[in-house]
Amino acid sequence: MNMEQTLEKFFHLKERGTNVRTELLAGLTTFITAAYILAVNPSVLSATGMPQGALFTATVLISTIGTLMMALLTNYPFILAPGMGINAYFAYTVCLGMGYSWQTALTAIFVEGIIFVILSLTNVREAIFNAIPMNLKYAITAGVGLFITIIGLKNSGLVISSKSTLVAMFSFHGSIEAGTFSTAGISALLALIGIIVTAILVANNVRGNILLGILITWGIGIVCQLAGVYVPNPDAGFASLLPDFSHGLSVPSVAPIAFKLDFSNFLSVGFASVVFAFLFTNLFDTIGTLIGSASKADLLDENGKLPNVKGALLAESLATTFAGLIGTSSTATAVECTAGIAQGGRTGLTGITTAVLFLLSLFLSPIFLAIPSFATAPALVVVGFMMFGAVTQIDWGTAVEALPSFVAIVAMPFMYSIAEGISLGIISYVAINACSGVENRKKISGVMWVLFVLFCLKYFFI
């Protein structure tokens, strides 16, 4: 039996309508789109005093381990990596705001992971996933698409904050006047060019379109740097686009942060609230991403359920537990995996490819960390467009279904949280249907009522 036959037997490629080449390309696309996490996560968590080099190694290790577990336990093209919202909560709220040490915060992550494992093995998380109505699942998919889009636009620099309008488009004229066009201005312009290039590739069904879009945009950026149009300014957040091998290929030790748990605050109310906050955010961010990604990959069955969702949730739970031990914030199913799914990834071979590249990045980090956010941002925008198509599946003619779906969709980008979109969508679904006649009340499952009460309590007491 040759290698291709072995892979077919293990991953069921033909059954999912894919092949080895497509899966490898999808894994590479997912990795390049998600590679920024390897730079951003250490940068965010280092604010707690944790050494950045050790954090880089920990981020790589947990992304590799988590993604491998996801692939082997589920045969799905999803990846696991430190969550980009939960790491900020870890650093700026728990450690810098509440005054807990990073060792205590890691302990909270570890405890959260243990609770997650129990919830996954007892079918609680699976029950929550399956209890969400189909129209809300379509809405979550569309909402995640908008959420990915705003992340891409924000990372590209095309969308900036505004005191008067909250957000606004980057001003190229203002950048020229302020003398920042060689950094912020050209970066935003290259992101805009990248979106157009990627869209053209997608529209013409070019194989590997999203990956090509990233590489072409990065390549144009390198040309601009060599021509002096783009001028690196690391202090302002604009690094060189050329890989830097000046520090060699050494791998920083994870020893300074690994297995440094501190249980001294274990019985305090504050510690419990931190664990619950981690638990809630991670639970619904993961469920939202799983729904959106599975829907995009056509993995949901006719009832809107994800076969073997328990395996996906268990993989995420175990990865979060290991994250606390290794020395980083909790993992989540990364929305960036949708880039690989859009590229055709349908099985765990996509995830294994990404995991191998994560591991290789320990030694080739200068290459991967040189890919700028303005090059990966177009991929997120285009994938967001692809996911938003789920909005056409929503029953817009039935108000009791359409209104909660609308709430879930708009809450995700405007509140910058998948978890908030899900919670507000569920609250509005239960409230509207409960007050709209006996037949609509009967549609509300027991699990949805429990979630309704828990979400209401969260907003008023936590």
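Two strands are said to pair if DSSP finds at least two bridges between them. The legends below apply this wording to a predicted model.

**Figure 1. Strands β2 and β3 form a hairpin in the predicted model.** Strand β2 covers residues 159–162, and strand β3 covers residues 166–169. The two strands run in the antiparallel sense and are joined over four bridges. Three residues lie between β2 and β3 in this hairpin. Within the pairing, Ile 160 has Ala 168 of β3 as its bridge partner.

Figure 2. The protein contains 20 helices and four strands. Its radius of gyration is 22 Å, which agrees with the value near 23 Å for a compact globule, because that is what 462 residues would give. Along the principal axes, the C-alpha atoms occupy a box of roughly 70 × 65 × 55 Å. Buried residues make up 55% of the 462 residues. Of the contacts between residues at least 6 apart in sequence, 79% connect residues at least 24 apart. The accessible surface amounts to about 18,800 Å², and carbon and sulfur atoms account for 68% of that surface. The protein carries 18 positive and 20 negative charges, and the mean positions of the two sets are 4 Å apart.

**Figure 3. Thr 67 is shown within helix α4.** Is Thr 67 buried or exposed? Thr 67 counts as buried, because its relative accessibility is 0%.

**Figure 4. Ile 132 is shown in the loop between α7 and α8.** Helix α7 spans residues 124–131, and helix α8 spans residues 134–156. Ile 132 is buried, since its relative accessible area is 3%, and residues under 20% are classed in this way. Which residues does Ile 132 touch, not counting residues up to four places away in sequence? They are Lys 137, Ile 140, Ile 287, Ile 291, Ile 426 and Met 448. Leu 158 is 26 residues from Ile 132 along the chain, and the C-alpha atoms of these two residues are separated by 34 Å.

**Figure 5. Asn 75 is shown in the loop between α4 and β1.** Helix α4 covers residues 52–74, and strand β1 covers residues 80–82. Most residues other than glycine have a negative phi. Asn 75 is not a glycine, yet its phi is positive, near 60°. With a relative accessible area of 11%, Asn 75 is buried.

**Figure 6. Asp 298 is shown in the loop between α12 and α13.** Helix α12 runs over residues 269–296, and helix α13 over residues 309–326. Asp 298 has a positive phi of about 60° although it is not a glycine. Is Asp 298 buried or exposed? Asp 298 is exposed, because its relative accessible area is 64%, and the class of exposed residues begins over 50%. Asn 75, by contrast, is buried, whereas Asp 298 is exposed.

Technical notes:
Residues numbered from 1 in each chain as written. Predicted model: local features only at pLDDT ≥ 70, side-chain atom pairs only at ≥ 80, totals over all residues. Heavy atoms only, no water. Rg over C-alpha atoms; globule rule 2.2 N^0.38 Å. Buried < 20%, exposed > 50% of the residue type's maximum accessible area, 1.4 Å probe, protein only. Contact = heavy atoms within 4.5 Å. Areas by Shrake-Rupley, 256 points an atom, 1.4 Å probe, with all protein chains shown as cover. Lys, Arg positive; Asp, Glu negative; His and termini not counted. Charge placed at Lys NZ, Arg CZ, Asp CG, Glu CD.
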